[in-house]
Amino acid sequence: MDLIARVSQHFEDSARTKLDSVEAMAAPIAAAIEMLTGALLNGGKILACGNGGSAADAQHFAAELVGRFEAERQELAAIALSTDSSILTAVGNDYGFTQIFARQVRALGHAGDVLLAISTSGNSPNVIEAISAAHELGMHVIALTGKGGGEIGELLNDHDLHLCVPAERTARIQETHLLTIHCLCDGIDALLLGVD
């Protein structure tokens, strides 16, 4: 086995997936930046959720907003719903795993807030339940998916945004999700700080 060739192929595939995603995703990402910034400027917050690698992406996004991305600026209101083990285990035990994010959305979310819902397949039941809870509260949803968007793509309404990576392979979708998250963070900073 030629491991160098195998590694090189991953780099090439990742770069190709990102470049192939530009046309489909640039405009929705720009719209998402405006939605997120608008919510923050109006006193709202961003709740983010996902499972596994998507949970890590939700935490990464919240950390960049509460801390900083690349520029110094005020703290921004963002919460990753995958981080409190007591809530996750209590809700999972008492109500089932599908409710671990939805109950937090109902507890913490308000109209004017935004839910960043991350699922590579678009079919994560607990993320779907979180979106339904957000809709009940009048929150906007930005869904970050792949593989055609799955059930989440069908659940979104006209006030939501769907950032769907046009790829089938989970690793390539997750890599493009991370780039998208960095685009969101950079765009929020650019709008807040007046950067050209």
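## Lysine 147 and the β4–α6 loop

Lysine 147 counts as partly exposed because its relative accessibility is 31% (buried means under 20% relative accessible area, exposed over 50%, partly exposed in between, with a 1.4 Å probe and protein chains only). Lysine 147 is found in the loop between β4 and α6 (150-155); helices (H or I, at least four residues) and strands (E, at least two) are DSSP runs, numbered from the N terminus. Phi of lysine 147 is near 55°, a positive value in a residue other than glycine. Most residues other than glycine have a negative phi.

The model is predicted: local features need pLDDT of at least 70 and side-chain atom pairs count only at pLDDT 80 or more, while totals for chains, interfaces and linings use all residues. Residues are numbered from 1 along each chain as its sequence is written, and side-chain values use heavy atoms, with hydrogens and water left out.

## Glutamate 151

Glutamate 151 belongs to helix α6 and is partly exposed, with a relative accessible area of 47%. Not counting residues up to four places away in sequence, glutamate 151 touches Gly122, Asn123 and Ile128, where contact means heavy atoms within 4.5 Å. Glutamate 151 and threonine 98 are 53 residues apart in sequence, and their C-alpha atoms are 14 Å apart in space.

## The sheet

Five strands form an open sheet in the order β2-β1-β3-β4-β5, with parallel pairing; two strands pair if DSSP finds at least two bridges between them. The edge strands, β2 (78-80) and β5 (161-165), each pair on one side only. From one strand to the next the twist averages 15°; angles run from 0 to 180 degrees between N-to-C directions, and axes are lines fitted to C-alpha atoms, for helices over the stretch in contact.

Strand β1 (residues 46-49) pairs with strand β3 (residues 114-118) in the parallel sense over four bridges, and isoleucine 46 stands opposite valine 114 in β3. The pairing of β3 with β4 is also parallel and spans five bridges, with valine 141 in β4 as the bridge partner of leucine 115.

Strand β3 is largely enclosed by the rest of the structure, because five of its five residues are buried. Val114, Leu116 and Ile118 on one side and Leu115 and Ala117 on the other are all buried, so both faces of β3 are covered. In a regular strand the side chains alternate between the two faces of the sheet.

Helix α2 (residues 53-66) lies across β1, β2 and β3 and runs at about 155° to β2. Helix α5 (residues 125-137) packs on the sheet, touching β1, β3 and β4 (140-146), and its direction makes about 165° with that of β3.

## Helices α1 and α7

The axes of helix α1 (residues 3-41) and helix α7 (residues 170-193) come within 7 Å and cross at roughly 35°. Their crossing is right-handed, meaning that the near helix is turned clockwise from the far one by less than a right angle. The contact of α1 with α7 has 13 nonpolar, eight polar and five charged residues (Ala, Val, Leu, Ile, Met, Phe, Trp, Tyr, Cys and Pro count as nonpolar, Asp, Glu, Lys and Arg as charged, and the others, Gly among them, as polar).

Threonine 37 lies in helix α1 and counts as buried, at 4% relative accessibility. Leaving aside neighbours within four places in sequence, threonine 37 is in contact with Ile188, Leu191 and Leu192. The side chain of threonine 37 reaches the backbone oxygen of isoleucine 33 at 2.8 Å.

Terms used
Polar contact = N/O pair within 3.5 Å; in protein donor to acceptor, adjacent residues only side chain to side chain.
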